[in-house]
Amino acid sequence: MSQPDSRRLVVLTGAGISAESGLKTFRDGDGLWENHRIEDVATPEAWARDPESVLRFYDERREQVRRARPNPAHQALARLERAGFAVRIITQNIDDLHERAGSSDVLHLHGEILKARSSVDPRLLYPLARGGIRPGDLCDKGSQLRPHVVWFGEAVPAYGPACDSVAEADLLLVVGTSLTVMPAAMLLDAAPVECPCLLVDPRASEVSPRWVTAFDELASRGVPRLVEQWLAAGRLLAPS
């Protein structure tokens, strides 16, 4: 049996791939996230003003993530990695569905909801295997724990490493995003000039730049189809 393609596939996933597992996003059209204004639950100002409400909101989202299951798009990417392909996933999503599907190289741009972190030292992280974060739950430095997510108005520490990964890509696959969320949308600019880019999204033809190959499909259909082609060929194929 021949060795799989050694070239690097970098996959950028957005809210659309998680939505197919039943996780609602804040960009569903009404400006709300599960009937909450973003300004009330996902900003540093909200945390300073009413930390208990913010903790309660993320506890509810965390339970939704725990109940969700990876869908065929997550599973197809993990299958490609298991076959020996070099797959790195950069996700805008804060859930762990890629990891539960079996992907091992996942960079979370906006944090991970199943972790807590210190509110004074972002290096102090604590896994949340069960339950949530309560007022009075403290880090090792005695500070209140907060969700390990990037709120609106905060820096994105993983953006630099994400750009480095995209710059090393031989093929870039974008899944389930409108390419409008900053700074993630700028990641495409870091790709090498000769690197083909594919976009799988129901609105791909509407939102993709001219140099991106668009597939107007749901993630759960388009990604498995591409993966099956690559597995059958034993190498990454970029449609012309």
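In this predicted model, Asn71 is buried, with a relative accessible area of 6%, a value that falls in the buried class because that class covers anything under 20%. Asn71 sits in the loop between α4 and α5, the latter helix spanning residues 72-82. A polar atom of the Asn71 side chain lies 2.8 Å from the backbone nitrogen of Ala73. Once residues up to four places away in sequence are set aside, Asn71 touches Ile17, Glu20, Ser21 and Ser220.

The helix on one side of that loop leads on to a sheet. Helix α4, residues 51-67, lies across β6 and β8, and its direction runs at about 140° to β6. These two strands belong to an open sheet of 3 strands, arranged in the order β7-β6-β8 with antiparallel pairing. At the edges are β7 (125-127) and β8 (145-149), each of which pairs on one side only. From one strand to the next, the twist averages 45°.

A second residue worth a visit is Pro239, which is found in the segment after α9, a helix covering residues 219-233. Leaving out neighbours within four places in sequence, Pro239 is in contact with Leu198, Thr213 and Phe215. Pro202 is 37 residues from Pro239 in sequence, and their C-alpha atoms are 18 Å apart in space.

Stepping back to the whole fold, the protein chain contains 9 helices and 11 strands. Its radius of gyration is 18 Å, close to the 18 Å given by the globule rule for 240 residues, so the chain is as compact as a globular protein of that length. The C-alpha trace spans about 55 × 35 × 30 Å along its principal axes. As for burial, 50% of the 240 residues count as buried. Among contacts in the protein chain with a separation of 6 or more, 65% come from residues 24 or more positions apart. Finally, the protein chain exposes about 11700 Å², and carbon and sulfur atoms supply 51% of this area.

Notes: Residues are numbered from 1 along each chain as its sequence is written. This is a predicted model: local features need pLDDT of at least 70, side-chain atom pairs count only at pLDDT 80 or more; totals for chains, interfaces and linings use all residues. Side-chain values use heavy atoms; hydrogens and water are left out. Helices (H or I, at least four residues) and strands (E, at least two) are DSSP runs, numbered from the N terminus. Contact means heavy atoms within 4.5 Å. Two strands pair if DSSP finds at least two bridges between them. Axes are lines fitted to C-alpha atoms, for helices over the stretch in contact, and angles run from 0 to 180 degrees between N-to-C directions. Buried means under 20% relative accessible area, exposed over 50%, partly exposed in between (1.4 Å probe, protein chains only). A polar contact is a pair of N or O atoms within 3.5 Å; within protein, one must be able to donate a hydrogen and the other to accept it, and residues adjacent in sequence count only if both atoms are side-chain atoms. The radius of gyration is taken over C-alpha atoms; the globule rule is 2.2 Å times the number of residues to the power 0.38. Accessible areas come from the Shrake-Rupley method with a 1.4 Å probe; for residues, only the protein chains shown count as cover.
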